[in-house]
Amino acid sequence: MRNLFTKLRNAFGENYFLSSVVIFFLCVSSAYQYIQYSHHLDNAKRDLTAIHQEYQHIRWETIKSIIGVVNREGKLHSSLVSHILSKRISNEYSNLDSLKATFDSGNYSDSKFNSLIINTVSSNSFMKDSSDRNGILVSLDDRVLYNLIISHDKFDMSWKEFIEKNYNQKLAQNTFDSIKSNSLETKILEPRKNTLNGHQLIDTSSISELEKIYLKEGLAGLYGYLIITPYYITKDGDIFNTPDFDIHGFKNKNHKIIVISYISIYDVIKEYHEKRLDSIDNLEEKAIKKCEDNIADIYYSSIESLLFHFACIGLIILIVKFGLQKND
């Protein structure tokens, strides 16, 4: 060992110790460069995650604003159809006694009244055509008189039957309770099964619950959800002038007609707002590209630095090797 150090000393002459120190610091510098690269790489990965979360939040806020617009437009549409239906009922029935007698008997299959509803609904669709995803549902407090959501051939069914035929029954029950209580909250249905793998069901008509679905499943997770906006044809009673409450404040049994617009969130976004989301996607892609370019720059600069350090160490080793051979 002593002979080896003697040979090294002879090979480097007076610069032996200086060369050793240089090699040591080159090794330390290489290790430091690696640690710095790992640190910058971790930061860049966190930046990528933060970018995705930020733009996901921007997308959701955009979708939430669209839902707000859909909810307001749905209410206006329900109001419009209600007034049209009310006017047509007045025009078609000079005397409502026979219709009231039919309803009082529990028979809601009056052909004239049914035709009037069908003609009114089919000619006043919110979107292009009425369907099980976009259209009008007409009901009473305890019955669904007309709907395309669940059935295309059965004109009359109880709310209980309607709820049981919904894919998301708990949500349907929550929405029905919300309609009965005249709640101002956004009302949501999910009548059809979403075929997305791992799709989760929500129990309450809540925008925050929809947000959870979107953040986990994306726009495809919202495919089956409908915004529901009810509007009563008459404010304080029914079309037969039976008030909602008697003089003692107890609820009367009457036939209060509700016009309910239902609008697919997914369809509205795809039909009218897809470019807005595409522009957000493009901005995210640019931000991610910039971050990835930064990662590449960090990677290549670190590689260049490490190669320089290794080249210096290799050069010193070669000098030692040739020096030792010369001494031998």
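1. Asparagine 241 sits in the loop between β5 and β6; helices (H or I, at least four residues) and strands (E, at least two) here are DSSP runs, numbered from the N terminus. Asparagine 241 has a positive phi of about 65 degrees although it is not a glycine. Most residues other than glycine have a negative phi. Asparagine 241 is also exposed, at a relative accessible area of 71%. For the burial words, buried means under 20% relative accessible area, exposed over 50%, and partly exposed in between (1.4 Å probe, protein chains only).

2. A word on what you are looking at: this is a predicted model, where local features need pLDDT of at least 70, side-chain atom pairs count only at pLDDT 80 or more, and totals for chains, interfaces and linings use all residues. Residues are numbered from 1 along each chain as its sequence is written, and side-chain values use heavy atoms, with hydrogens and water left out. The protein averages a pLDDT (the predictor's confidence in each residue, from 0 to 100) of 82, and 76% of the residues score at least 70. Confidence is lowest in helix α1 (residues 2-12), with a mean of 52, and highest in β4, at 95.

3. Overall layout: the protein has 8 helices and 6 strands, in the order α-α-α-α-β-β-β-α-α-β-α-β-β-α from the N terminus on. Of the 328 residues, 43% are buried. Take the contacts (heavy atoms within 4.5 Å) between residues at least 6 apart in sequence: 67% of them join residues at least 24 apart.

4. Strand β6 (residues 258-264) deserves a look, as 7 of its 7 residues are buried. In a regular strand the side chains alternate between the two faces of the sheet. In β6 both faces are covered, with Ile258, Ile260, Tyr262 and Ser264 buried on one side and Val259, Ser261 and Ile263 buried on the other.

5. Now the neighbours of β6. Strands pair if DSSP finds at least two bridges between them. Strand β1 (residues 134-139) runs antiparallel to β6, joined by 6 bridges, and valine 138 stands opposite valine 259 in β6. Strand β5 (residues 226-232) is also antiparallel to β6, over 7 bridges, with leucine 226 opposite serine 264.

6. Glutamate 190, in the loop between β4 (187-189) and α7 (207-217), is buried yet has no salt bridge. That term means a side-chain nitrogen of Lys or Arg within 4 Å of a carboxyl oxygen of Asp or Glu. The nearest side chain of opposite charge is arginine 133, 9.0 Å away; Lys and Arg count as positive and Asp and Glu as negative, while His and the chain ends are not counted. The glutamate 190 side chain does make a polar contact with the side chain of tyrosine 225 (3.4 Å). A polar contact is a pair of N or O atoms within 3.5 Å; within protein, one must be able to donate a hydrogen and the other to accept it, and residues adjacent in sequence count only if both atoms are side-chain atoms. Not counting residues up to four places away in sequence, glutamate 190 touches several residues, including Asn166, His199 and Leu201.

7. The other one is lysine 187, in strand β4. Lysine 187 is buried without a salt bridge, and the nearest side chain of opposite charge, glutamate 185, is 6.2 Å away. However, the backbone oxygen of glutamate 185 lies 3.1 Å from a polar atom of the lysine 187 side chain. Leaving out residues up to four places away in sequence, lysine 187 touches, among others, Leu226, Ile227 and Ile228.

8. On to the salt bridges, of which the whole structure has 13. One of them joins arginine 133 to aspartate 267, with the closest N and O atoms 2.9 Å apart. This pair links distant parts of the chain, 134 residues apart: arginine 133 is in the loop between α4 (111-122) and β1, and aspartate 267 is in helix α8 (residues 265-327). Both arginine 133 and aspartate 267 are buried.

9. Glutamate 274 is partly exposed at 31% relative accessible area, and lysine 270 is partly exposed at 34%. Elsewhere, salt bridges that share partners join Arg59, Asp281 and Glu284 into one network.
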